[in-house]
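Here is a friendly walk through one protein model, meant to be read with the structure open beside the text. Please take a look at the fold before reading on.

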Amino acid sequence: MPRKPRHQETGEYYHVASRGNNKQKIFDHELRDLFLRDLLRVSVAHQWRVLAWALMSNHYHLVLRIGDGGLSDGMFDLNNRFARASNSRFGRINHCFGKRFWNAHLDTSAYLLASIRYSMWNPARAGERTDPSGSTWTSFRGSVGIEDPHPLLAARDLYALFDPDPARARLAFFDYVQSGRVSCQAPWDGPPST
């Protein structure tokens, strides 16, 4: 039976995730670097604006706005290329990812912001860190100025969600993410869990 086409409207925001087959490890440090380089290439080719990411050991989260290149074609390009590299690194011959990528259309500002905050807290929820600022494999540190932002980060787009002034926007973003410390529940059903 054919799969139902995915909702993918140009200019719309999406939370996207993929998880390793049987929750297997798909990343190490070098593979995370490779993934971000590939994601940058894909984002240029498919006209994506990436507002947030979290790269865990066995899955990843992206929050992005898609361009004319669409979502599915870009995800195929990203996951197909990365799967070959990850399988080679870990000596696998079978599927790297367990299922097709998961996505949620972020059709309200509240949903968009909650998805970004959820992604930033992912390492802490998994017990890898206690706070978003401690993770080097999310976009948080670059977004708030702890380190230089990765070229992939659509910082202007992210800041515009909080304040027209970039300095005030960084502070507002920091405060918003930190306000999720107590309870950062997923604002939807179905994302991959750790």
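## A loop residue to begin with

N22 is exposed, with a relative accessibility of 72% (exposed means over 50% relative accessible area, buried under 20%, and partly exposed in between, with a 1.4 Å probe and protein chains only). N22 sits in the loop between β1 and α1, and its phi is near 55 degrees, a positive value in a residue other than glycine. Helices (H or I, at least four residues) and strands (E, at least two) are DSSP runs, numbered from the N terminus.

This is a predicted model, in which local features need pLDDT of at least 70 and side-chain atom pairs count only at pLDDT 80 or more, while totals for chains, interfaces and linings use all residues. Residues are numbered from 1 along each chain as its sequence is written, and side-chain values use heavy atoms, with hydrogens and water left out.

## The sheet

Which order do the strands take? The sheet is open and has 4 strands in the order β2-β3-β1-β4, with antiparallel pairing (two strands pair if DSSP finds at least two bridges between them). The edges are held by β2 (49-55) and β4 (102-106); each has a single partner strand, so one side of each is left without a neighbour in the sheet. On average, neighbouring strands are turned by 15 degrees against each other, direction ignored (axes are lines fitted to C-alpha atoms, for helices over the stretch in contact, and angles run from 0 to 180 degrees between N-to-C directions).

Strand β1 (residues 13-19) and β4 run antiparallel and are joined by 5 bridges. Y14 stands opposite H105 of β4.

## Helices on the sheet

Helix α1 (residues 29-45) packs on the sheet, where it touches β2 and β3 (59-65), and its direction makes about 160 degrees with that of β2. Contact here means heavy atoms within 4.5 Å. Helix α3 (residues 109-120) lies across β1, β2, β3 and β4, and runs at about 150 degrees to β3.

Helix α2 has 19 residues and reaches 26 Å from its first C-alpha to its last, close to the 27 Å expected at 1.5 Å a residue (the expected span is 1.5 Å times one less than the number of residues). Its buried residues include G74, M75, L78 and F82, and the buried residues of α2 pack against β1, α1 and β3. Just after α2, G91 takes a positive phi of about 65 degrees.

## The nonpolar core

In soluble globular proteins, nonpolar side chains tend to be buried together. The largest nonpolar core here has 50 residues, of which F35, Y60, L62, L71 and I116 touch the most other members (a nonpolar core is a set of buried Ala, Val, Leu, Ile, Met, Phe, Trp, Tyr and Cys residues joined through side-chain atoms within 4.5 Å). Leaving aside neighbours within four places in sequence, the contacts of Y60 include V16, F27, F35, L55, M75, L78 and F97.

## Salt bridges

How many salt bridges does a search of the whole structure find? There are 9, a salt bridge being a side-chain nitrogen of Lys or Arg within 4 Å of a carboxyl oxygen of Asp or Glu. In one of them E30 pairs with R89, with the closest N and O atoms 3.2 Å apart. E30 lies in helix α1 and R89 in helix α2 (residues 72-90), so the pair ties together parts that are 59 residues apart in sequence. E30 is exposed at 55%, whereas R89 is partly exposed at 38%.

D77 forms a salt bridge with R41, their closest N and O atoms being 3.1 Å apart. D77 belongs to α2 and R41 to α1, so this pair ties together parts that are 36 residues apart in sequence. R49 forms a salt bridge with D157 at 2.8 Å between the closest N and O atoms; R49 lies in strand β2 and D157 in helix α6 (residues 155-160), so the linked parts are 108 residues apart in sequence. D157 is buried at 14%, and R49 is partly exposed at 34%. Salt bridges that share partners also join D38, R41, D77 and R81 into one network.

## The loop between α1 and β2

H46 lies in the loop between α1 and β2 and counts as buried, at 13% relative accessibility. Not counting residues up to four places away in sequence, H46 touches G67, D68, G69, G70, D73, G74 and D77.

Q47 lies in the loop between α1 and β2 and is partly exposed at 44%. Its phi is near 60 degrees, a positive value in a residue other than glycine.
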